Amino acid sequence: MLALVSVAIMIWGSATGFTSNDAVAVDVLLRWGYVLMGAALCLVVLLGIVMGGIADPKSLKNLGLGLLVMAVLGCVAYFTASDAPLVGYNREQPDAQTLKITDTLIKLVYLLGAGAVISIFVGEIISVIRNK
């Protein structure tokens with residue numbers, strides 16, 4: 001169902017033009033992306049709670065700890081994010097809140113990417129040490 005709605009929005013956006021009509025099609029696509037990301041996040045958390053609670057109630061502690069770490073990372077990224085105007089951007093500047101959220105997301109991608117690379121290296125080192 002979600003795929004059908006996504007395809008319908010893409011067809012509508014292509015038919016009306018993404019740059020015409022004050023870029024309404026782009027706004028709709030972005031909002032639909034937000035809805036899909038929110039739904040995915042809610043489903044992951046809710047299914048993690050339900051399935052974890054059924055299979056192993058003690059795993060709920062790990063889930064809570066993981067959510068807490070994610071919230072702390074999000075807060076650190078948000079509070080260190082800049083809302084400075086874009087350099088070299090000749091069009092109308094986005095508002096400060098949009099710039100802050102964009103910078104927050106960029107910092108989260110950097111943090112999570114670095115964390116993934118570090119965890120791969122640490123995991124390989126630990127596996128080499130254990131297999132000796």
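Me: Does Asp-95 count as buried, partly exposed or exposed?
Reply: The model here is predicted, so local features need pLDDT of at least 70 and side-chain atom pairs count only at pLDDT 80 or more, while totals for chains, interfaces and linings use all residues. Residues are numbered from 1 along each chain as its sequence is written, and side-chain values use heavy atoms, with hydrogens and water left out. Buried means under 20% relative accessible area and exposed over 50%, with partly exposed in between (1.4 Å probe, protein chains only). Asp-95 has a relative accessible area of 46%, so the residue is partly exposed.

Me: How far apart are the C-alpha atoms of Asp-95 and Ala-84?
Reply: Asp-95 sits in the loop between α3 and α4; helices (H or I, at least four residues) and strands (E, at least two) are DSSP runs, numbered from the N terminus. Eleven residues along the chain separate Asp-95 from Ala-84, and their C-alpha distance is 9.6 Å.

Me: In what order do the elements of the protein chain run from the N terminus?
Reply: The protein chain has four helices and zero strands. From the N terminus, then, the order is α-α-α-α.

Me: Which helix do the buried residues of α4 pack against?
Reply: Those buried residues are Leu-99, Lys-100, Asp-103, Thr-104 and Leu-108. Take Thr-104: leaving out residues up to four places away in sequence, it touches Gly-74, Ala-77, Tyr-78 and Ala-81, where contact means heavy atoms within 4.5 Å. The buried residues of α4 pack against α3.

Me: What span does α4 reach from its first C-alpha to its last?
Reply: The expected span of a helix is 1.5 Å times one less than its number of residues. For α4, with 35 residues, the expected value is 51 Å, and close to that is the span in the model, 50 Å.

Me: Which element gives the most residues to the lining of the largest pocket?
Reply: On a 1 Å grid over the protein atoms alone, a pocket is an open set of points where a 1.4 Å probe fits, with protein on both sides within 12 Å along at least five of seven lines, and lining residues have an atom within 4 Å of a point. The lining includes Tyr-34, Met-70 and Leu-105. Two or more lining residues come from each of α2 (24-55), α3 (59-80) and α4 (96-130). With five residues, the element that gives the most is α2.

Me: Which kind of aromatic pair do Tyr-78 and Phe-79 form?
Reply: A search of the whole structure finds one aromatic pair. Phe, Tyr and Trp rings (for Trp, the six-membered one) pair if their centres lie within 6.5 Å, and planes under 30 degrees apart count as stacked, over 60 as edge-to-face and the rest as tilted. Tyr-78 is partly exposed at 27% relative accessibility, and Phe-79 is exposed at 64%. Their ring centres are 5.5 Å apart with planes at 75°, so the pair is edge-to-face.

Me: How far is Leu-60 from Ile-49 in space, C-alpha to C-alpha?
Reply: Leu-60 lies in helix α3 and is partly exposed, with a relative accessible area of 36%. Not counting residues up to four places away in sequence, Leu-60 touches Ile-49, Gly-52 and Gly-53. Leu-60 and Ile-49 are eleven residues apart in sequence, and their C-alpha separation is 6.5 Å.
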